[in-house]
Amino acid sequence: MKKVGIVMGSDSDLPIIKKATDMLKSLDMPFEVHIYSAHRTPVEARDFALNAADNGFGVLICAAGMAAHLAGAIAANTTLPVIGIPCSSSNLDGMDALLSTVMMPTGIPVATVAINGGANAALLAAQIIALGEPELAKKLADKRAADAAKVLEKDASVMEKL
Ligand code: RP5
């Protein structure tokens, strides 16, 4: 199975990345995590992106806050799908990173999830990889069914709480 590559701009983004890695672990998916910044280590970020396909990655997840250019900078150097997580690491609560990540120019797409949306970034990565992995596709379908059953369980007892 192709690996998911995860890059965060700073170790201060770790709590958001943990939500992604927990989800990937629950799906038994291979992944690799790095700290490369579009601003502080642009050469390493570029090299990682340029070599990602040859290094066995199938999807890349990039998390960054503030003037978040990481996902776009990575996407500029690979045709692998790139998922951006805007992080709420500033006084603007992630709105800065959301706009920086989502407003990509035509030709260099970044699939942007919610602010701090680590778990959904992992799920989207899994759905992409699952296109060529029937076992993983089944796990994702089972998870959807289990999540729906939990909601319906709550529905069945909600009136008792009122
Ligand atoms: C971004 O700036 C990082 O992704 C992080 O979210 C934010 C703040 O970084 P630190 O100053 O905490 O290293 O590049």
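Visitor: Is Ile 85 buried or exposed?

Guide: Buried means under 20% relative accessible area, exposed over 50%, and partly exposed in between, with a 1.4 Å probe and protein chains only. Ile 85 has 0% relative accessibility, so this residue counts as buried. Ile 85 belongs to strand 4, residues 82-87. Helices (H or I, at least four residues) and strands (E, at least two) are DSSP runs, numbered from the N terminus. Ile 85 and Ala 125 stand 40 residues apart in sequence, and their C-alpha atoms are 12 Å apart in space.

Visitor: On what basis are such values given?

Guide: The model is predicted: local features need pLDDT of at least 70, side-chain atom pairs count only at pLDDT 80 or more, and totals for chains, interfaces and linings use all residues. Residues are numbered from 1 along each chain as its sequence is written, and side-chain values use heavy atoms, with hydrogens and water left out.

Visitor: Which residues surround the ligand?

Guide: A residue is near a molecule or strand if one of its heavy atoms lies within 4 Å of it. Here the ligand is surrounded by Gly 9, Ser 10, Ser 12, Asp 13, Arg 40, Ala 64, Gly 65, Met 66 and Ser 89. By class, this shell has 2 nonpolar, 5 polar and 2 charged residues. Ala, Val, Leu, Ile, Met, Phe, Trp, Tyr, Cys and Pro count as nonpolar, Asp, Glu, Lys and Arg as charged, and the others, Gly among them, as polar.

Visitor: Which atoms lie 2.8 Å from an oxygen atom of the ligand?

Guide: A polar contact is a pair of N or O atoms within 3.5 Å; within protein, one must be able to donate a hydrogen and the other to accept it, and residues adjacent in sequence count only if both atoms are side-chain atoms. An N or O atom in the side chain of Arg 40 is 2.8 Å from a ligand oxygen, and an N or O atom in the side chain of Ser 89 is also 2.8 Å from a ligand oxygen. For Gly 65, a backbone N or O atom lies 3.0 Å from an oxygen atom of the ligand. The protein covers 76% of the 360 Å² of accessible area that the ligand has on its own; such areas come from the Shrake-Rupley method with a 1.4 Å probe, and for residues only the protein chains shown count as cover.

Visitor: Where is Ser 10 placed, and which side chain does it contact?

Guide: Ser 10 is in the loop between strand 1 (3-8) and helix 1. Its relative accessibility is 17%, so Ser 10 counts as buried. A polar contact of 2.9 Å joins its side chain to that of Ser 12.

Visitor: What does the side chain of Ser 37 reach at 2.8 Å?

Guide: The side chain of Ser 37 reaches the backbone nitrogen of Arg 40 at that distance. A polar atom of the Ser 37 side chain also lies 3.0 Å from the backbone nitrogen of His 39. Ser 37 is in the loop between strand 2 (31-35) and helix 2 (42-51), and is buried at a relative accessible area of 9%.

Visitor: What is the phi of Asp 28?

Guide: Asp 28 has a positive phi of about 55° although it is not a glycine. Asp 28 lies in the loop between helix 1 (14-26) and strand 2, and at 58% relative accessibility counts as exposed.
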